Amino acid sequence: MNPHMLAHLLVQLIVIIAVSRLIGRGARWLGQPLVIAEVVAGIALGPSLLGWLAPDAMRWLFPPESMPFLKMLAEVGLVLFMFLIGLELDPKLLKGRGHASVAISHSSIIVPFALGAGAGALWLYKSLSSPDVPFSSFVLFMGVSMSITAFPVLARILTERGLMQSKLGAIAIACAAVDDVTAWCILAFVVSLVRASDLAHAGLTTLFALLYIAFMLLLVKPFLARLGARVANREGLTQNVVAITLVLLLGSAWTTEYIGIHSLFGAFMFGAVIPKEGGLAAALAEKLEDVAVVLLLPVFFAFSGLRTQMGLLATPEAWLTCGVIIVLACLGKFGGSAVAARLTGLRWREAGAIGILMNTRGLMELIVLNLGLDLGVISPTLFTMMVIMALVTTFMTTPFLRLLYSPEEQARDQLLSAPEPALPPSAYTVLLCVSHGQAGPGMAVLSRALSGERNEANLYALHLLSPERSLKARGEEALDPSAASSGALAPLVGRAEKLGLSVRTLSFVSSEPARDICRTAQAKRADLVLLGWHKPLFSQTVLGGTVHEVMQEAGGTVAVLVDRGLSQVRRVLVPFVGSRHDRAALGLARRLVKQAGAEVTVLHVTSPEGSGAGRAQVEELFPADEGASVKLKVVRHASPEEAALEEAKAGYDLVVVGLGAEWGLEDRLFGVQRERIVRDAPASLLLVRHPEGATVLAQTPEQARTQGTTPEATQPLSARS
């Protein structure tokens with residue numbers, strides 16, 4: 001063994017993870033699941049791309065002697081991943097949908113199985129197989145490989161599209177669950193036939209497999225139920241519980257490997273029998289998912305990519321064969337699922353969407369294909385063709401689903417199934433966008449000031465979940481909206497309850513957070529989009545990243561709260577030079593006066609040569625009966641930003657400032673220096689942007705006044721000159 005092999009393995013892991021994540025950025029931009037990026041990354045690192053462009057670099061990075069180590073890491077990663085897949089299979093998915101799910105899922109297995117087996121028997125066995133491979137094993141394996149649906153990829157697509165709790169998503173995920181269990185049982189039988197030396201050994205393997213399943217259901221499952229109850233009621237998920245679970249997992253995988261049906265089936269079965277109630281399954285998924293998915297699974301994709309040789313498809317006939325395989329795969333899965341779904345009573349549009357979703361293969365197909373290649377059932381050429389088929393059928397899912405079941409159609413269906421209560425058109429509506437819990441309390445305090453004692457505002461708290469989050473956590477929050485309040489929304493909801501505020505919580509998975517914030521604001525007819533802020537990883541600007549994108553796309557007023565312990569809104573400062581953003585800031589200040597009785601100081605900053613003609617614009621937004629609570633202070637200063645900072649030191653609770661270069665605030669995607677007013681102001685800040693062309697505030701003729709200038713002093717607006 002090479003003494004530097006560990007160092008070489010570490011380099012391989014660094015390259016594999018980095019390339020997977022890099023390509024993953026592009027896949028996310030195209031609206032594709034991360035598994036597409038990981039498969040492409042694996043192929044790119046193999047002979048199909050890296051070996052073609054730089055063969056010496058590939059030989060150095062992946063020398064033949066390192067392959068056994070990569071294979072073992074990939075196998076361990078697959079064992080953990082199949083365990084996670086078993087954890088995600090919840091029997092509650094079938095509740096009330098058993099008949100339709102079984103009918104659709106079995107049709108989506110039988111039809112492609114028949115097409116795959118038929119193609120294998122009549123055509124592929126002669127042209128792409130070896131005489132050493134038993135005919136029955138090849139035909140059965142081709143049938144199974146055509147029948148697979150990628151349950152985890154399907155679940156990820158459904159959550160990212162917000163379809164998990166729709167009628168369509170519920171049926172699709174239930175069908176995929178039944179499909180997975182059935183297909184893996186068939187695969188276990190096929191593997192036992194391939195590994196057995198004769199029919200008697202195959203029968204013995206099948207008998208042992210049935211005894212193993214009975215043992216898991218009758219003895220292991222009750223023990224795990226007691227273990228789960230103990231975890232829920234006592235000490236929680238300790239290291240001892242994790243150790244016991246891992247020992248049982250590895251023991252189950254070893255058992256199925258020993259009896260001849262592969263270790264992956266044992267891992268999958270063990271995950272499936274763990275009770276989903278009590279929190280044990282969710283806690284285990286949270287512990288193990290990142291290690292399995294981020295570290296070990298990309299190794300499997302890289303290993304698969306090293307075995308995928310596009311160069312083997314060097315003739316038109318080979319590519320034609322690959323194309324026919326793709327057509328048969330789509331025809332079997334899509335056709336079988338869609339027709340069965342239509343026969344169970346779904347509309348053709350819904351049935352077609354079911355067919356598209358069930359045609360997703362992805363990772364599960366790669367696992368099956370690697371099994372076939374390891375067992376010698378399929379050749380490297382056929383393996384490459386089937387990998388391309390898996391890529392194409394997975395890649396086409398998202399765009400075809402968007403085309404057939406558009407977001408508008410999805411929104412209409414959801415609106416019909418769960419209509420919002422009618423709201424008065426004049427109600428002031430605020431959308432509170434919370435990315436992390438730290439911003440919540442301050443946003444609740446500000447919302448109380450905007451609502452007043454009589455709660456004269458509709459408040460929606462929105463938390464968008466990243467597609468990278470644990471699928472288990474996302475599923476729980478989708479199944480129970482109140483579960484979201486235990487995460488990022490909990491501090492906001494808790495402070496709102498203490499303040500007597502009624503807040504509706506919204507939470508869903510989003511790969512386009514800025515666009516989804518704007519869509520939600522439009523759907524809820526929000527008068528104000530309020531964003532929380534936290535220090536970004538790289539950029540220093542408050543107005544960068546998602547905040548910048550929201551401000552560019554929003555059709556109404558957007559404000560960013562920089563919270564420095566906001567506990568009340570009594571004294572408010574509004575720096576003012578007259579821009580539309582400043583006028584929007586005055587509009588918010590007026591609401592704070594009216595609803596919370598706040599004392600507002602408007603700091604109108606003019607140049608040393610200016611006349612201080614800002615009073616008229618201020619009075620447009622403040623009628624005479626509100627003027628006593630509002631003071632206009634005019635100062636002449638060469639730097640408005642400096643003047644605002646000086647005044648902010650006078651003990652204000654909140655500084656409401658419009659965007660503008662005069663205040664050192666410009667919304668930009670990236671900035672290397674934090675805005676000075678944000679950095680140095682001692683009070684909490686509310687940074688306001690109003691879109692060009694939109695009305696700041698509906699005004700009555702009595703409010704539109706045109707008064708003259710004011711002296712350089714502080715006066716109540718009610719003191720008319």
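**Entry 1: helix 2 and helix 13**

I noted that helix 2 and helix 13 cross in a right-handed sense; a crossing is right-handed if the near helix is turned clockwise from the far one by less than a right angle, and left-handed if anticlockwise. The model is predicted, so I kept in mind that local features need pLDDT of at least 70 and side-chain atom pairs pLDDT 80 or more, whereas totals for chains, interfaces and linings use all residues. Residues are numbered from 1 along each chain as its sequence is written, and side-chain values use heavy atoms, without hydrogens and water.

I took helices (H or I, at least four residues) and strands (E, at least two) as DSSP runs numbered from the N terminus. The axis of helix 2 (residues 34-44) comes within 7 Å of that of helix 13, and the two cross at roughly 45°. Axes here are lines fitted to C-alpha atoms, for helices over the stretch in contact, with angles from 0 to 180 degrees between N-to-C directions. Helix 2 and helix 13 are therefore oblique to each other; angles under 35 degrees count as roughly parallel, over 145 as roughly antiparallel, 65 to 115 as roughly perpendicular and the rest as oblique.

I then listed the contacts (heavy atoms within 4.5 Å). From helix 2, Val35, Glu38, Val39, Gly42 and Ile43 meet Val293, Pro298, Phe301, Ala302, Gly305 and Leu306 of helix 13. These residues divide into 8 nonpolar, 2 polar and 1 charged. I counted Ala, Val, Leu, Ile, Met, Phe, Trp, Tyr, Cys and Pro as nonpolar, Asp, Glu, Lys and Arg as charged, and the others, Gly among them, as polar.

**Entry 2: helix 13 itself**

Helix 13 spans residues 280-307 and bends by about 45° at Leu288; the bend is the angle between axes fitted to the seven residues ending there and the seven starting there. I found 21 of its 28 residues buried, so helix 13 is largely enclosed by the rest of the structure. Buried means under 20% relative accessible area, exposed over 50%, and partly exposed in between (1.4 Å probe, protein chains only).

**Entry 3: helix 1 and helix 5**

I looked next at helix 1 (residues 5-29) and helix 5 (residues 67-88), which pack at about 55° with axes 11 Å apart. The pair is therefore oblique, and the crossing is right-handed. Met5, Leu9, Gln12, Leu13 and Ile16 of helix 1 meet Phe69, Leu70 and Leu73 of helix 5. This contact holds 7 nonpolar residues, 1 polar and no charged.

**Entry 4: two positive phi values**

I recorded a positive phi of about 80° at His262, which is not a glycine. His262 lies in the loop between helix 11 (239-259) and helix 12 (263-273) and is buried, at 9% relative accessible area. Arg525, also not a glycine, has a positive phi near 55°. Arg525 sits in the loop between helix 23 (513-523) and strand 4 (528-532) and counts as exposed at 52% relative accessibility.

**Entry 5: Val273**

Val273 belongs to helix 12 and is buried, with a relative accessible area of 3%. Leaving out residues up to four places away in sequence, I found that Val273 touches Met216, Leu217, Lys221 and Leu224. The C-alpha atoms of Val273 and Met216 are 7.3 Å apart, although 57 residues separate them along the chain.

**Entry 6: helix 15 and the whole chain**

In helix 15 (residues 348-358), 9 of 11 residues are buried, including Glu350 and Met358. I noted 28 helices and 11 strands in the protein chain, and 55% of its 721 residues count as buried.
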